[in-house]
Amino acid sequence: MLKSLSRYVLAGLFTLSTGIGASAQRVGLVLSGGGAKGLAHVGVLKQLEANGIPIDYIVGNSMGAVVGAMYASGYSPHDIEQIVLSDSFQSWASGKVLPDKTFNFLTAEPSPASLNLGLSIDSTFQATISPNLVNDLNLNFALARLLAPSSAAASYNFDNLFVPYRCLATEVFTREKVVQKSGLLADAVRNSMAYPLAFRPIRNLDGRYLFDGAVLDNFPTDVMRQEFKPDIIIGVNVGDVALQKYPFKKDNELLNSTLIFLGTSVADTNSVGKNGIYIQPNLGNLGAADFDRVRTLIAAGDTATQLKLAEIRQRISRRVDTVALQRRRLAFQQKAPTPRFVKVEVQGLRPDQNEYARSFFRREGSTYTLDGLEEGYYRLASDSYFRNIYPRLHYDAALKGYVFSVDAQRNNNVVAEVGFALSSRPIESLYLGVEFRYLRRLLYSVAANVSVGRFYNGAQASFRLNSPGRLPFYIAPIVTYNQWDYQQTGGLLGRDVLSTQVAQKDTKIGAQLGVSPRYRSRVVLDVGAFYNVDNYANTSQLQSSDQLDRTSFKGGTAALRFNRNSLNRKQYATLGRQAVVTIRGVTGTEVYTPGSTSNTQDLGERSRNHQWLQFRGTYERYYALQKDKSSWGYFGEVTFSGQGTFFNYRSTLTSAPIFAPLVDSRTLFMEHYRSPRFVAGGLRYSQVVLGKVEWRSEVFAHLNITPLTDNQQAADRGTGISRPYLTAITGLILTTPVGPLAVHAEYYDDADHRFGVYGHLGYILFRGRSLE
């Protein structure tokens with residue numbers, strides 16, 4: 001809907017062909033700020049236009065500036081209502097990452113990090129920390145797209161818009177009120193809504209940062225008088241935070257938005273003048289952050305205006321014919337230049353860095369498309385090296401087309417990550433990571449991270465070179481070390497772990513060559529040398545004097561992997577999809593040293609060579625229900641490996657692929673969940689039950705193909721297909737700033753881990769083994 005509206009306006013925006021006579025009654029409309037409450041202005045506009053009430057001038061602030069700018073740009077009240085009712089509008093307000101704007105070229109594999117601290121270190125080694133506010137990527141592009149045509153049609157003079165327009169901003173350093181009356185309309189609106197602690201300010205073309213006009217004047221009736229001198233002012237105020245009584249049941253919910261708007265000036269209800277009309281929609285307990293209550297807010301503005309209609313009709317005798325108004329609106333729309341996009345500019349960086357950023361945008365022949373510019377914008381934003389990315393669309397008469405310019409700043413050339421996991425079972429862990437990035441015409445990065453815990457320890461170091469452009473690619477040498485200890489992973493409800501006397505280590509030195517034709521997915525060639533060591537027992541009964549068997553496997557591997565991921569969370573996703581397909585070849589030498597629990601220890605150390613090919617594919621997808629209040633998804637996995645049997649049953653299992661459907665599945669050594677060949681499927685359902693608490697249930701079934709069996713410690717491969725093995729989980733999840741807080745009841749189809757209760761805080765994520 002938004003694309004069709006914006007293209008409709010882009011196809012041509014307008015000229016105001018009829019003027020207002022000097023003796024006519026001139027009406028000015030003032031729209032206050034108030035966050036989400038400003039959506040009530042849409043209802044006001046609907047009633048005023050439906051009843052033929054003239055609107056000759058508009059002055060807006062914050063959300064009032066947004067609604068007022070759209071009306072002044074030639075959007076009808078119905079158009080504006082459809083825009084704010086759309087799903088896209090919710091993404092503008094929330095800053096939520098859009099699944100179809102997720103690009104995997106630069107993103108790393110998910111890590112357990114929950115806290116990210118960015119440092120920008122300059123040549124003098126001065127460090128600054130970059131704060132994070134509401135993600136404004138969606139909002140910024142939407143404003144540029146919606147308002148660029150009218151700006152061009154008005155020759156960047158707000159007096160020439162469909163309705164002459166002003167909006168306020170604040171220069172906080174000098175405490176100056178800034179009345180914006182020319183330039184890019186999207187910039188003016190964005191300045192007017194940059195409220196401290198909510199949206200960041202943008203860097204304007206003159207180099208200044210401006211903030212929300214509500215900081216100094218949230219109800220700018222004085223600006224209306226100074227700029228336009230109307231005969232009558234209609235003032236709509238949604239910015240007051242005072243309620244008629246204390247909101248006992250909603251005080252916690254309203255607290256944050258109330259604190260934000262305490263710094264906003266309170267409207268003077270008499271400032272509209274003796275013959276003016278003051279409209280105060282009854283918004284009850286609705287707050288500045290209630291963007292999901294769009295219909296209720298619009299209805300409140302509609303109702304408040306209807307209650308004032310008699311007074312409005314009495315004081316404003318002039319009427320506007322709706323047919324003539326629509327004719328003028330269309331005339332204004334037809335004045336907009338042809339939507340032809342001829343050039344991309346990047347500003348704010350070094351010249352060679354600007355060239356790197358510009359390579360994210362692709363031409364279609366000699367020009368760009370608007371959709372292509374949007375793609376490039378989000379591609380660039382996916383590179384976390386940049387921050388404060390801000391788009392502008394400006395018509396260049398000499399080039400006979402629009403110029404798309406991006407203002408970008410270097411973000412964090414040093415990023416530190418911290419993560420931890422607390423658990424009801426002894427698998428707690430601490431994660432620390434650091435990355436240094438250096439940009440010239442290419443982006444270079446050096447990264448290292450470590451994980452420390454009782455169950456899992458690991459480390460990884462990498463160097464990466466990124467080259468965007470027509471065929472984006474990266475090259476990354478990587479060294480990885482993993483250590484897994486299953487001997488201490490017992491838990492609640494009396495789990496027996498005597499049969500999981502397994503400790504594994506693996507080291508891999510290799511390199512990746514990744515190609516991303518459209519940035520959304522990656523095709524990766526992964527080659528390397530590996531050295532795996534597994535220590536294990538062959539019986540469930542052990543004595544302190546027993547010695548574990550030892551199997552080492554050393555060799556080389558190469559894999560071709562396809563990956564696309566748009567999941568909204570690293571764990572417990574509710575939206576998006578992920579597909580991973582891997583074809584891997586393995587060659588290596590197995591060396592087996594029997595321990596005291598082996599029935600072949602008299603044969604001593606032995607070795608043999610192995611070669612095999614392996615295919616593995618997984619796919620999961622989620623669908624939102626009830627306006628994101630619930631979701632369901634499905635999961636599928638197919639693994640088919642030519643891996644042969646190792647010297648005994650246990651070593652064959654330790655080297656086999658793992659089916660790990662639940663967050664803690666990798667921390668349990670279960671025989672039926674390890675097989676060279678299996679197929680699996682499952683369903684997931686999530687429902688918001690209280691505030692941000694979700695109830696989540698999952699159920700899976702998997703079948704092992706030609707399953708492995710233990711034949712007196714030797715591994716035999718059976719025929720046919722095993723019975724279905726069921727896995728299920730149900731529990732509560734709360735997403736916190738440090739990761740998910742979850743408590744589950746679990747069921748595994750395994751004799752030693754049948755039923756359990758598991759809880760954790762933080763991300764339970766591990767690096768894959770060398771051959772995964």
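Residues are numbered from 1 along each chain as its sequence is written. In this predicted model, local features need pLDDT of at least 70 and side-chain atom pairs count only at pLDDT 80 or more, while totals for chains, interfaces and linings use all residues; side-chain values use heavy atoms, with hydrogens and water left out.

Me: What is the strand order of the open sheet of three strands?
Reply: Strands are DSSP runs of E, at least two residues long, and helices are runs of H or I, at least four, numbered from the N terminus. Two strands pair if DSSP finds at least two bridges between them. The pairing here is mixed, and the order is E10-E12-E11.

Me: Which strands stand at the edges of this sheet?
Reply: An edge strand here has a single partner, so one side is left without a neighbour in the sheet. That holds for E10 (341-347) and E11 (386-396).

Me: How many bridges join E10 to E12?
Reply: E12 covers residues 401-410 and runs parallel to E10. Within the pair, Gln347 stands opposite Asp407 in E12. The bridges joining E10 to E12 number six.

Me: What is the centre-to-centre distance of the pair Tyr57 and Phe228?
Reply: Rings of Phe, Tyr and Trp (its six-membered ring) pair if their centres lie within 6.5 Å; planes under 30 degrees apart count as stacked, over 60 as edge-to-face and the rest as tilted. The structure holds 40 aromatic pairs. Tyr57 and Phe228 are stacked, with 10 degrees between the planes, and their centres are apart by 4.6 Å.

Me: Is Phe659 buried or exposed?
Reply: Phe659 stacks with Tyr673, at 6.3 Å centre to centre and 5 degrees between the planes. Tyr673 has 2% relative accessibility and counts as buried. Phe659 has a relative accessible area of 1%, so the word for Phe659 is buried.

Me: Over which ring does the charged end of Arg464 sit?
Reply: A charge sits over a ring if NZ of Lys or CZ of Arg is within 6 Å of the ring centre and within 35 degrees of the ring normal. For Arg464 the distance to the centre is 3.6 Å, and the ring is that of Tyr474.

Terms used:
Buried < 20%, exposed > 50% of the residue type's maximum accessible area, 1.4 Å probe, protein only.
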